[in-house]
Amino acid sequence: MQKRRSPLPIIICLVIIAAIIGIGGFFINRYTPTDTEMNKNEYYGLTSEEEAALILNGQVLEEKGLVVDGTVYISYSDVWNYLNSGFYWDAQAGQLMLTLPSGTLTWTPEDGSGAVILGSDGNPYISAECVKENSDIDLEIYSEPNRVVARTQWDGVRTATVTETAQVRYRGGPRSEILTEVQAGDTVVFQEDLSDWCQVATSDGYVGYVESSTLTQNEETGLPHETDEKFQYQKISLDHKIVLGWHYVGSQEGNSSLSEVIAGATGLNTISPTWFSLADGQGNLISYADSSYVEQAHAAGLQVWGLLGDVDGSAVNTGSVLSSAEARANIIQQLMQIAAECGMDGINVDFESVREESAPQYLQFLKELCAAAHQQNLIVSTDNFVPTYTGYYKRAEQAKTVDYIIIMGYDEHTASSEEAGSVASLPFVEQGIADTLAEVPAEQVINAVPFYTRGWVETFGSTVPESQTLSMDEADAFVTEHGIETYWDASVGQNVGSVETGDARYSIWLEDEQSIAEKVNLASEYNLAGVAAWRLGFERQSVWSVFEDYVNQG
């Protein structure tokens, strides 16, 4: 009988062939580029033709624009937050305002220009064209799909040049859907390197991935941008380092202490008396300005920047006052008249109670104030907390018109803090400077140091510490009274110490000649316009040698 052949080899061959076909199909499916294009409306999250995508600095925003009769509009809040904080919607007057160096432009929903409309939600929307024509930014408007592509940041941006035609895909990999195509010679913003693929942003608003082999990264960073003259405000810049001291004047009689607080203050060249505060909701001022004070200060070689503040415990709401165009004009008119009568050299604005919802009114007030003050050759400066929690103060927008921005580089720990700590540790101060310089040129920045210290008492069993504000001499007395041994802590740039008794812990982070010198050195290191100090009368005379050395550095 003839032997039967086993089917096993045939089966094995078939399995191998099937595996080869399967593996080949897998690699073909995985690595063969797809020519499927992504739905652009889905990419931008557009749900109707009445919406427009907003792309800012290479990022697609969640917020959407509004399309009305073919015109793209952007909500006032989005314009203010992302594109141009110079626009101001005056809700009382029902008009949009923009103060430029040439004057103030105004638009209303009924003026026929189409620059501003009211949406169905009752909120103002500004046409993208109006924003483009009146903003120092790069902005383009596209259709199919509707989108606005804007750039407000140019320095430090990494770019790459496309070396050959390349498809920009939604995700890295040849099987991902196609967003758009870039041509050889195009410049794209380089965002992330994923080895074989790079994430890029195109000039027309797509953020996706291209093969790394199609790009050459540019050595120099940054994108070209030139500011038009119509956006360049005239400012006053002094040709010397500024050393400013705030002088607390709580009454007309308080002016008589000038000679006392400046005695021995070598290096001091600017004084800011706390002269002005809001008297009522109409913008009337309480004023302690005095021409003889100015004469005496000038004779001592000091400029006088009268301070307008809102930290005097008044019940007047700063934001409410600034929301009124009439009140703003009233404040400015009084300041200009008083400045002319008493001969002061500048105005220091110290509005510390401005909340986020009132920031647009505050910025508009500063623009209007600077326009009037500069006509009288008056310097305008503003006092700002460190930026960590007050980004809404829009320091970059302030810097367009204000001459100097002063960082209040203190109150790291305050009377209401839940733990004891430094008033102004060196890392805290340096971070405040670095964060401010991200928005404001160094030649406009003044860093303020504290002449005061907090003495802390943590009673055992209590969850919240108590503190008291101490002058330099009072701080030394606190140390002596409680037998605290202090030592230099380089990590905070201060002499520190604490001691425990039977019922409490007493702690202090001293502000003295050594700590002040560390902070003043930061002003030199970062090439700032100067330093300031709160407040005159809290210091020891010996600390002034630090400021004298700073000024003499040139």
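Visitor: Are H11 and H13 roughly parallel or roughly perpendicular to each other?

Guide: Helix H11 (residues 426-437) packs against H13 with the axes 10 Å apart and at an angle of about 25 degrees, where axes are lines fitted to C-alpha atoms, for helices over the stretch in contact, and angles run from 0 to 180 degrees between N-to-C directions. Angles under 35 degrees count as roughly parallel, over 145 as roughly antiparallel, 65 to 115 as roughly perpendicular and the rest as oblique. H11 and H13 are therefore roughly parallel.

Visitor: What kind of model is this?

Guide: Residues are numbered from 1 along each chain as its sequence is written, and side-chain values use heavy atoms, with hydrogens and water left out. Local features need pLDDT of at least 70, side-chain atom pairs count only at pLDDT 80 or more, and totals for chains, interfaces and linings use all residues, since what stands above is a predicted model.

Visitor: How many charged residues does the contact of H11 with H13 have?

Guide: Contact means heavy atoms within 4.5 Å, and by that rule Leu426, Val429, Glu430 and Ile433 in H11 meet Glu518, Lys519, Leu522 and Glu525 in H13. Ala, Val, Leu, Ile, Met, Phe, Trp, Tyr, Cys and Pro count as nonpolar, Asp, Glu, Lys and Arg as charged, and the others, Gly among them, as polar. Divided in this way, the residues of the contact of H11 with H13 are 4 nonpolar, no polar, and, as charged residues, 4.

Visitor: Which residues of H14 make the contact with H13?

Guide: The axes of helix H13 (residues 513-525) and helix H14 (residues 544-552) come within 9 Å and cross at roughly 20 degrees, and H13 and H14 are therefore roughly parallel to each other. From H13, the contact is made by Glu513, Ile516, Ala517, Val520, Ala523 and Ser524, while from H14 it is made by Val546, Phe547 and Tyr550.

Visitor: Which residue in E28 stands opposite Val457?

Guide: Strand E27 (residues 453-459) and E28 run antiparallel and are joined by 5 bridges. Opposite Val457, the residue that stands in E28 is Glu466.

Visitor: Which helix packs on the sheet that holds E4 and E5?

Guide: This open sheet has 3 strands in the order E4-E5-E6, with antiparallel pairing, and strand E4 (87-90) and strand E6 (103-107) are its edge strands, each pairing on one side only. Strand E5 (residues 95-100) and E6 pair over 5 bridges, and the bridge partner of Met97 in E6 is Thr106. The helix that packs on the sheet covers residues 359-375, touches E4 and E5, has a direction at about 45 degrees to that of E5, and is named H9.

Visitor: How many residues of strand E26 are buried?

Guide: Buried means under 20% relative accessible area, exposed over 50% and partly exposed in between, with a 1.4 Å probe and protein chains only. Val445, Asn447 and Val449 on one side of E26 and Ile446, Ala448 and Pro450 on the other are all buried, so that both faces are covered. Strand E26 (residues 445-450) is therefore largely enclosed by the rest of the structure, and its count of buried residues is 6 of the 6.

Visitor: Which residue does a cis peptide bond join to Glu144?

Guide: Glu144 is found in the loop between E9 and E10, has a phi near 50 degrees, a positive value in a residue other than glycine, and is exposed, with a relative accessible area of 76%. The cis bond has an omega of about 0 degrees, and the residue that it joins to Glu144 is Pro145.

Visitor: What is the omega of the cis peptide bond from Trp534 to Arg535?

Guide: Arg535 has its place in the loop between strand E32 (530-534) and H14. The peptide bond from Trp534 to Arg535 is cis, and its omega is near -10 degrees.

Key. Helices (H or I, at least four residues) and strands (E, at least two) are DSSP runs, numbered from the N terminus. Two strands pair if DSSP finds at least two bridges between them.
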